[in-house]
Amino acid sequence: MFKLGKKKKEEPQDKKSILTVTLNPAFDHILFLPELKLGTFNRSPETFRMPGGKGVNVASSLAMMGQEVVATGFLGAQGSRMFEESLRKIGVTTAFVYVNQEIRTDFFVIEDNKNRQSLIVEKGIPIELRYLNGFKANFERLLPSTELVEFGGSFPEGVSCGFLKELVREANKKNIKTVLNLKEKTLTECMEGISAFLVYPDLRESKRMFGQDIYRPKDRLKIVEELQKHGAEIVMLKYGNLNYLVATKDEIWEGEIELGESKIMIGIRDAVLAGFISKYLETNNLGEALKYGLGAGRSTAKNKRNHPNSKKEIEEFVLMAKVKKVS
Amino acid sequence: MKKVRDFMTRDLTSVTEETKLKDVAELLSMRALSGVPVVDHENRVVGYISEKDVILSMFPEKVKIENPDVIGLTNLTQVINRLGRVGDAKVADYMDKNIHIVSEGTSTSDLAEIMLQKDLKRVPVVRNRRLVGIVDRSSLSCILLEENGMEGVCR
């Protein structure tokens, strides 16, 4: 221990962290039911809550892999203590900006007898200008100890593409890698004028990007090319429930994830990204990184939570993951 | 024996010297905290500001003659009016620069000694002077109880 201002032997250079930005996080409420009966009383025999949102899912998964990770974003102050505590418990460092509002909640209803999932999402909390300024200053303070920034999820009211672009440019200025893990529509609207190290469009709703169909192999390659033209060094795509593709200008790899009997699909897509990032930063090897991502995804599928069970389980699944180089 | 890194709160909530006192008051209220570290533009700890410092800013003359722990609580309207006046003042003018910080490798016994000796409620944890977390009395006491055989005390 030491007093501020007194000279102390400098500690060894610290390992830089991964920073995840979730501008519109939510508490995910998972409700299990044998069957949802509309218009009448339903009692859920099992429920739990967990911190959610694309960036938060990525942060949770990275922490389970032993990565040093900091999660930031806007958080409604009321009801958020448990949200942050849950993240810290698994090793995520929190740096959220509190907004004087109630935390957003999303509801997942999982019907065991119907093998069906339904999702009800709340509107995001409105963000005032003063909080945007506070967030930007906070973000800039975190950058000197950051290796990579992942931006995930949707925008709350009051946040625009312009704000995201400012953050991405600030990171790029400091030679920090950026990852855009955004809905296709948001990505298409916001990517003009910025470039990212890795782009991972969420095509679950649209199934299409740049007018191309994600399910057709030739179209997928056109999406990859288009994203590369926008400056993406690596493009990652998910098509269907099981298939993933990663591409650079030099090579393309594909892989298929095994989900087993999993009924909960929450967080799998983000865990694959987290696994990929974690391994790629270590090895620079596209195929190995995809394998690790698939292992992380499968471990998440086995977990009721939105992150892998453990690093050990990921490594077991990595041994079984099948990937192939397609070009 | 456990080290600070094993039980610190991995939270980077902080303000800068440029933050306005009214924003500190809002932050402390929203997060139910007694104080936060003050950091520079690279997240290096440069001081600490507490709720007591915010209250002191409203009653600069009175503090010299009365117990600062009880001021401000007798007349809420007075407090609000004064905060309106000093709310735009900057943290730099009221923060405590003479503070203690610890590294992640500090032992529980060393931490306990300094917190008790100096009557500290919360102590910033740093790595190369950059904020990486915070330890407070409640997390320290629960870890000390666990180290002395009372399992399951800490959440």
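1. Let me start with A:Asn115, which counts as exposed, with 8 C-beta neighbours inside 10 Å. A:Asn115 lies in the loop between β8 and β9 of chain A. Its phi is near 50°, a positive value in a residue other than glycine. Most residues other than glycine have a negative phi. Helices (H or I, at least four residues) and strands (E, at least two) are DSSP runs, numbered from the N terminus.

2. Please keep in mind that this is a predicted model: local features need pLDDT of at least 70, side-chain atom pairs count only at pLDDT 80 or more, and totals for chains, interfaces and linings use all residues. Residues are numbered from 1 along each chain as its sequence is written, while chains are lettered from A and ligands numbered from 1 in the order in which they are written. The predictor gives the complex an ipTM of 0.89 and a pTM of 0.92. For chain B the mean pLDDT (the predictor's confidence in each residue, from 0 to 100) is 85, and 83% of the residues of chain B reach 70 or more.

3. A:Lys207 is not a glycine, yet its phi is about 60°. This residue is found in the loop between β12 (198–199) and β13 (208–209) of chain A. A:Lys207 counts as partly exposed because it has 13 C-beta neighbours inside 10 Å.

4. Strand β8 (residues 105–111) of chain A pairs with β9(A) in the antiparallel sense over six bridges. A:Val109 has A:Ser118 as its bridge partner in β9(A).

5. Elsewhere in chain A, the loop between β3 (26–33) and β4 holds A:Ser44. It is partly exposed, with 14 other C-beta atoms within 10 Å. Leaving aside residues up to four places away in sequence, A:Ser44 touches A:Leu31, A:Phe32 and A:Leu33; contact here asks for C-beta atoms, placed from the backbone, within 7 Å. A:Lys89 is 45 residues from A:Ser44 along the chain, and their C-alpha atoms are separated by 26 Å.

6. The largest nonpolar core has 123 residues, of which A:Met236, A:Val246 and A:Phe276 touch the most other members. Such a core is a set of buried Ala, Val, Leu, Ile, Met, Phe, Trp, Tyr and Cys residues joined through C-beta atoms within 7 Å. Helix α7 (residues 268–283) of chain A provides the largest share of this core, eight residues. Not counting residues up to four places away in sequence, the contacts of A:Met236 include A:Leu198, A:Tyr200, A:Tyr244 and A:Leu273, besides A:Val246 and A:Phe276.

7. Chain B has seven helices and six strands. Its 155 residues are 32% buried. Among contacts in chain B with a separation of 6 or more, 61% join residues 24 or more positions apart. An open sheet of three strands in chain B has the order β1-β2-β3, with mixed pairing. Here β1 (15–16) and β3 (45–50) stand at the edges, each with a single partner strand, so one side of each is left without a neighbour in the sheet. Strand β2 (residues 35–39) of chain B runs antiparallel to β3(B), joined by five bridges, and B:Val36 has B:Ile49 as its bridge partner in β3(B).

8. Finally, the interface: 26 residues of chain B are in contact with 23 residues of chain A. On the chain B side, α2 (21–31), β4 (100–103) and α6 (108–118) each supply at least two residues, and β4(B) gives the largest share, four residues. The residues on this side divide into 10 nonpolar, eight polar and eight charged. In this count Ala, Val, Leu, Ile, Met, Phe, Trp, Tyr, Cys and Pro are nonpolar, Asp, Glu, Lys and Arg are charged, and the others, Gly among them, are polar.

Key. Two residues are in contact if their C-beta atoms, placed from the backbone, lie within 7 Å. Two strands pair if DSSP finds at least two bridges between them. A residue is buried if 20 or more other C-beta atoms lie within 10 Å of its own, exposed if 12 or fewer, and partly exposed in between; C-beta atoms are placed from the backbone.
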